[in-house]
Amino acid sequence: MFGPTIQGEGVLIGLPTVFVRTGGCDYRCPWCDSLHAVDSRYRDDWTPMTPQAVWEEVKRLSGGVPLTVSLSGGNPAIQPLGELIRLGHRDGYRFALETQGSVSKDWFADLDVLVLSPKPPSSGMATDWAQLANCLEAAGARPQTVLKIVVFDAADYAYARDVAARHPHLPVYLQPGNHMPPDRGEVDAGIDMDGIADRMRWLVETVTQDRWFTARVLPQLHVLLWGNRRGV
Ligand code: SF4
């Protein structure tokens, strides 16, 4: 858990937030930038906490002033977060969750923002379209639900187009991929800023030439500011 800082990407970009990063993920994307929350070899760094303990820490970090709490991972959908959301709502906090959409939970319906970030071909993962639809159904009408898709190349872009066509009512955020360096296990690993900028420019050109005028293209602000360091 860390913050307050700003949300660095997607629909809440720039908004002050406290991050709650949960351990464990059912995916293994080769370019994962949160391996310390995914790979069990980092398990010793993880802290088991009750919903009440997480909530107390959110309040301490935010000085008791309500803000948007970002639930991230790993895949936070595999954790029981309903009680935390209930505790926070009681005091006026809001909750945003980002997940790849492979696991749905009934407490999605209590979220304020749901970011579904299905993984493109470059991830090597296969999208379970039925599960993605289940996530939308579980969320229902309350959360503001959006799609956020990482794009490294043309195949990823075509995938993003496909996801958007399947769910035309959802706003789409496209984000240029961030290749982790070979020593990605290091928490202060460097960053391929030129590569990110090249992909960002290519993505802007591709979206505009393709006349996909409802898609938003955004970089990861925290990566531009702090690289791939974790906890900022
Ligand atoms: Fe990492 Fe997200 Fe892929 Fe899980 S789904 S391995 S957290 S990039």
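Me: How many helices and strands does the chain have?

Reply: Helices (H or I, at least four residues) and strands (E, at least two) are read as DSSP runs, numbered from the N terminus. This chain has six helices and eight strands. From the N terminus on, the order is β-β-α-β-α-β-β-α-β-α-β-α-β-α. The model is predicted: local features need pLDDT of at least 70, side-chain atom pairs count only at pLDDT 80 or more, and totals for chains, interfaces and linings use all residues. Residues are numbered from 1 along each chain as its sequence is written, and side-chain values use heavy atoms, leaving out hydrogens and water.

Me: Which residues have the most contacts inside the largest nonpolar core?

Reply: A nonpolar core is a set of buried (under 20% relative accessible area, 1.4 Å probe, protein chains only) Ala, Val, Leu, Ile, Met, Phe, Trp, Tyr and Cys residues joined through side-chain atoms within 4.5 Å. Here the largest has 44 residues, and Leu-71, Phe-108, Leu-174 and Trp-212 have the most contacts inside it. A second, separate core has nine residues, including Cys-32 and Val-38.

Me: What surrounds the ligand?

Reply: A residue is near a molecule if one of its heavy atoms lies within 4 Å of it. Around this ligand are Cys-25, Tyr-27, Arg-28, Cys-29, Cys-32, Val-38, Gly-74, Gln-100 and Lys-119. Cys-32 and Val-38 also belong to the second core.

Me: What share of the chain's residues is buried?

Reply: Buried residues make up 50% of the 232 residues. The C-alpha atoms fill a box of roughly 50 × 40 × 30 Å, taken along the principal axes.
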